[in-house]
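Subject: Structure handover

Hello,

I am passing a structure on to you.

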Amino acid sequence: MAALLEVGRLTMRFGGVTALSGVDLAVGEGELVGLIGPNGAGKSTLFDCLTRRCAPQEGRMLLAGQDLAGLPPHRVAGHGVARTFQNTALFPGLSVRENVMAGAHRHGRAGFWAAALGRAAGEERRLRESADALLARFGLTRYADHPPEALPYGTTKLIEIARALASGPRLLLLDEPAGGLAPAEVPAFAELVRRLHAERGLTIIVVEHHLDFVLALCRRIVCLERGHKIADGPAEVVRRDPAVVAACLGV
Ligand code: ADP
Ligand code: MG
């Protein structure tokens, strides 16, 4: 069966810095893949390329056979790719509920307001109900009418995931989702991601700095180092790979 995501020979340079160098990656439908590597390895850049925030100089990216490279950034979500950011990027000036509703719109915040003007009441209600269902799923109902700026960082990370899910993605890219969580919150959070994966059959790539988190969560691990893929395989093999241990020591 063809992979849901196929990345081939992907190269992304920023001036003299090669952030990704000929990276190949195939991810099957329904996989939960951990992406590790030291700071600056190119993990976030891979997500930036897949969501068209960056335009790679070489290589190809296909989602279910659809070429992502040719899509304008605002159409990526409509084609099934959603992400969260290493540093949270919620829309200020919108409530938590409105942030999640905006995630359902492929033009994001601007689209949310433009569409709000012309949206039929039934459509508005449907968006609101599905946003509220997602908030309930994440235990965030009590924050629905709050501005996100006032909330703890760990909570904003959860809201970002809810917003990413609102677009109904086939591929969810989580960039250091456990960052900013208190250590005691991490196991419950890992369980939440595991359940999202199991219940929705979502394909997920999760970048994480906490190796324990990612090793416990993902059966398959991919390791990047300085833009190169240096390992890709079962977690129990990759975690013992000398090149990975050397690259990630101290991570
Ligand atoms: P990681 O997420 O693995 O820590 P990044 O993908 O953020 O690594 O960064 C990979 C490399 O690319 C780093 O050297 C970083 O400085 C560089 N880089 C990333 N984004 C940009 C950008 N927008 N402009 C210039 N350099 C960038
Ligand atoms: Mg990063």
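Below is what was found, part by part.

This is a predicted model, where local features need pLDDT of at least 70, side-chain atom pairs count only at pLDDT 80 or more, and totals for chains, interfaces and linings use all residues. Residues are numbered from 1 along each chain as its sequence is written, while chains are lettered from A and ligands numbered from 1 in the order in which they are written.

**Domains**

The protein chain is assigned domain 1 (1-80 + 170-251) and domain 2 (92-168). The bounds come from an automatic or database domain assignment. Taken over C-alpha atoms, the two domain centres are 25 Å apart. Across the boundary, 11 residues of domain 1 are in contact with eight residues of domain 2. Contact means that the C-beta atoms of two residues, placed from the backbone, lie within 7 Å. On the domain 1 side, the touching residues are six nonpolar, three polar and two charged. Ala, Val, Leu, Ile, Met, Phe, Trp, Tyr, Cys and Pro count as nonpolar; Asp, Glu, Lys and Arg count as charged; the others, Gly among them, count as polar.

**Ligand 1**

Which residues surround ligand 1? They are F14, V17, A19, G37, N39, G40, A41, G42, K43, S44 and T45. The cut-off is a C-beta atom, placed from the backbone, within 6 Å of the molecule. By class, the shell has four nonpolar, six polar and one charged residues. Strand 2 (17-27) and helix 1 (43-50) each supply at least two of the shell residues. Helix 1 gives the most, with three. Helices (H or I, at least four residues) and strands (E, at least two) are DSSP runs, numbered from the N terminus.

Four strands form an open sheet in the order 2-1-4-5, with antiparallel pairing. Strand 2 and strand 5 (66-67) stand at the edges with a single partner strand each, so one side of each has no neighbour in the sheet. Strands pair if DSSP finds at least two bridges between them. Strand 4 and strand 5 run antiparallel and are joined by two bridges. L62 stands opposite D67 in strand 5.

Helix 5 (residues 153-166) has 14 residues, which should span 20 Å at 1.5 Å a residue; its end C-alpha atoms are 20 Å apart, in agreement. The expected span is 1.5 Å times one less than the number of residues. Is helix 5 enclosed or open? It is largely enclosed by the rest of the structure, because 12 of its 14 residues are buried. Buried means 20 or more other C-beta atoms within 10 Å of the residue's own, exposed means 12 or fewer, and partly exposed lies in between, with C-beta atoms placed from the backbone. Among the buried residues of helix 5 are T155, L158 and I161. The buried residues pack against strand 6 (81-83), helix 2 (96-103), helix 4 (121-137) and strand 7 (171-175). Just after helix 5, G168 takes a positive phi of about 65°. Helix 2 is mostly covered, with eight of its eight residues buried.

**Two arginines with positive phi**

R52 is not a glycine, yet its phi is positive, about 65°. R52 sits in the loop between helix 1 and strand 4 (58-63). R52 counts as buried, with 20 C-beta neighbours inside 10 Å. R226 also has a positive phi, near 45°. The place of R226 is the loop between strand 9 (220-225) and strand 10 (228-234). R226 is partly exposed, with 16 other C-beta atoms within 10 Å.

Best wishes
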